[in-house]
Amino acid sequence: MSMTSQTPPSSGGQSLRQWLLSDTPTSRRQARLSALYQGWLALRQNHMAMVGLAILVVLISIALFAPLIAPHDPFVQDLANRLQPLGSEGHLLGTDSLGRDILSRLIYGARITLYIVALVALIAPVVGLLVGTISGYAGGWTDVILMRITDIFLAFPRLVLALAFVAALGAGIENAVLAISLTAWPPYARMARAETLTIRSSDYISAIRLQGAGPLRIIIKHIWPLCISSLIVRVTLDMAGIILAAAGLGFLGLGAQPPSPEWGAMISEGRRFILDHWWVATMPGLAIFAVSLAFNLLGDGLRDVLDPKDSAS
Amino acid sequence: MNAALEINALNVYFGDHGALVHAVKSASLTVAKGASFGLVGESGSGKSTILKAITGLAPQWNGEIKVEGRPLGAKRDRNFYKTVQMVFQDPYASLHPRQSVDQVLSETLYLHGFRDIDDRVNQLLQDVGLGPAFRFRYPHQLSGGQRQRVAIARALAPQPDILLLDEPTSALDVSVQAEILNLLSDLRAAHGLTFVMVSHDLAVVAHMCDQAAVMQHGEILEVLSIDAMRAGQTAHPYTRTLLDASANRVA
Amino acid sequence: MSTLLDIENLWVRFPTRNGIFDAVRGVSFSLGRERLGIVGESGSGKSMTGRAILRLIRHPGIVEADHINLHGENLLAKSERDMRKVRGEQISMVMQDPKFSLNPVMTIGDQLIEAHRLHAKATKAEARKKALEMLEAVSIRDPERVMGAYPHEMSGGMGQRIMIAMMLIPNPEILIADEPTSALDVSVQGQVLSIMDRLVKERGMGLIFISHDLNLVSQFCDRVLIMYAGRIVEVCDANRLHEAQHPYTRGLLGSLPRFDAPRPRLEVLQRDPSWRDAPSVEGRT
């Protein structure tokens, strides 16, 4: 092994692309980067997934640079200019019932949406993964108890359960996130358990058991990496539902509180004028639609790339 | 003669009380130190199950299993895994799809308390004829034969005395089978290993082993030397049937 | 000998990220009323050849050939609709593992009856009678019981016999068997083979027997094509396989452990790159 082949070449000789696509990696780093790059190449083949990814990148940049992009302050009211139509002067998407610029509110609302999505995506799958893999690997009574708890959560309609949680915890965006997470984890637990059951009986798990590895090491180092990819896919596909649930809570007045520009709350406010001033409710609705669609497209593409059943064969 | 492995009146069960399967019925055998012992039989005869019981992968068993004179209890300790290792049948299923060769071997060595992991990984790859170029590859970048070599390297990592081979070549092409069987013979000579090899292929067992047990429906019908088998000195008619099915081949 | 099937310059191609992969590269052979073996290692293109005849290569794979003539009619020119007819009525295929080829939620009897009624306009009673006949033809002792059973209740050998029975119902002229006995134990293997053998002889069928097992093919077939890297490297009579000339065939034979003739080491096949590039041998009689 020569030293030169262990570092990415800067120029000449073998290109970075060749280095990444090499079938004979010479270091851990190259092997790992190469695997990532192969995945990226496969994802790039899927045009719809790239569209989804592009929408999300745009959304993230909008959220990051909201103060620079937004033409107006989203909270400043101008009652003289209320309910202006689309394309009116200075207000591209019109104004709402208090004369606030809808475009600016949508741009700032992207921050809230991303905040909700990120928090839910951190809590629900992690809880589900923990419960599911422990349940599946341990079996016996542990499995029975954990799965019955999961069943209890699954027995309620999701939004109703979330409503109950928010009612108990109090209205507000953090509590809405918590409530959605608490109702979203059981499907992940079920899925992680089902995968664990198949993985548990495979030869490579037997092989590591024969090296004296304990259950904790097996779950974390050998089972999680295989469950995570399908969880990621599932989460991206569920994102649309999560955004909609958050918007639904906002719409019912149990999520983000006014004057916060959360998209669901904006629809709720615009509902009163929906016949005469349709854009007030429609514009945030379109934003929710676009982001949900983006997550779905990306999730579909990721499923093709990450599904361990394909890459294993 | 020193026995590496001794099994007396071993019964193995699968399933729970509702549907209990008696997979191995009162099996007894002795494998001398440094010997190569074959277990032959058709699918469902319980030959692989005996290996599973030895390694603790089939926990419901009774009877006596002695490894190098020490009887095994319900739990296997790390010392046991330093003495007995196993190579699985299907190299496409026995390697973790998301772990590189390096990860597989390093973790094994780490679990057995070795600290000079880097040198040992390279040495193991050398031993199984792969060389350092294969160290950072993932299973999907390897052929079936190469995968089985990695699995053999993993089994050799803790420097065991006894290697259990569960149909190690049945998923491979004949030309690759020849390479793997030669490699196993060489390793046995180099490391003074004891082999217990399960196979449905009499020709493979005859090539690799000096003694074999013939199994059917969970029972050991007879234990005989390969020479006796070749000479057709069988005590049980079923062995005869197996011999006829395998031996009348040209090539 | 009358020729049933004639294949000229068959290619099977798969586009991949790194260019086009040729699984079968310009293979020509013919099949009469005989047992033709195709042997090779995994990746030699033997299974792809079998599937390509029936145009069963999955997307994005491409089948190209000058012709695949069945009784002088080019199968490549047929519509997908006509092909479906050919697949059932003229050429049948038996796969390696019966577990994946039978519908797990239908009884075997129902599947056999349905298979029959798909091809012939028969009443249920007639189809049932035919199904029982077929099960008897594949030496199933208790056909009435088997008719009412589900696939998972069958052993591997029984399952494979049922598959053969199902494939024979429309009375095809050609049977393509892709590793039909590889998943079976040796004793059962013999039974399944002798059933296939009898059927081929009695009905005057043509059989393409795809296998990795040289011994098996040499015992069971009349003629053998040896494939390597998508090409036919050698054609010989099955009973003279041990006299094969090509170094690849010789290497394969040498790498087999032998029960009757022990040797300390097995020969290891040294692959010569020129084998890949040598033109395909024509497999016609």
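**Exercise 1. Find the residues that Ile180(A) touches, not counting residues up to four places away in sequence.**

Step 1: Two residues are in contact if their C-beta atoms, placed from the backbone, lie within 7 Å.

Step 2: Go through the neighbours. With residues up to four places away in sequence left out, Ile180(A) touches Val120(A), Ala162(A), Ile242(A), Ala245(A) and Ala246(A).

Step 3: Know what you're looking at. This is a predicted model, where local features need pLDDT of at least 70 and side-chain atom pairs count only at pLDDT 80 or more, while totals for chains, interfaces and linings use all residues. Residues are numbered from 1 along each chain as its sequence is written, and chains are lettered from A and ligands numbered from 1 in the order in which they are written.

**Exercise 2. Work out which residues touch the most other members of the largest nonpolar core.**

Step 1: A nonpolar core is a set of buried Ala, Val, Leu, Ile, Met, Phe, Trp, Tyr and Cys residues joined through C-beta atoms within 7 Å. Buried means that 20 or more other C-beta atoms lie within 10 Å of a residue's own, with C-beta atoms placed from the backbone (exposed is 12 or fewer, partly exposed is in between).

Step 2: The largest core has 228 residues, and Ile180(A), Val196(B), Ala212(B) and Ala165(C) touch the most other members. Helix α10 (residues 215-251) of chain A gives the most to this core, with 15 residues. Helices (H or I, at least four residues) and strands (E, at least two) are DSSP runs, numbered from the N terminus.

**Exercise 3. Describe how strand β3 (residues 36-40) of chain B is covered and paired.**

Step 1: Check burial. Five of the five residues in β3(B) are buried. On one side sit Ser36(B), Gly38(B) and Val40(B), and on the other Phe37(B) and Leu39(B).

Step 2: Look for partners; strands pair if DSSP finds at least two bridges between them. Strand β8 (residues 194-199) of chain B runs parallel to β3(B), joined by five bridges, and here Ser36(B) partners Phe195(B). Strand β9 (residues 211-216) of chain B is also parallel to β3(B), over four bridges, with Ala212(B) as the partner of Gly38(B).

**Exercise 4. Find what the buried residues of α6 (residues 174-191) of chain B pack against.**

Step 1: Pick out buried residues; among them are Val174(B), Ile180(B) and Leu187(B).

Step 2: Check what follows the helix. That's Gly192(B), with a positive phi near 60 degrees.

Terms used: The expected span of a helix is 1.5 Å times one less than its number of residues.
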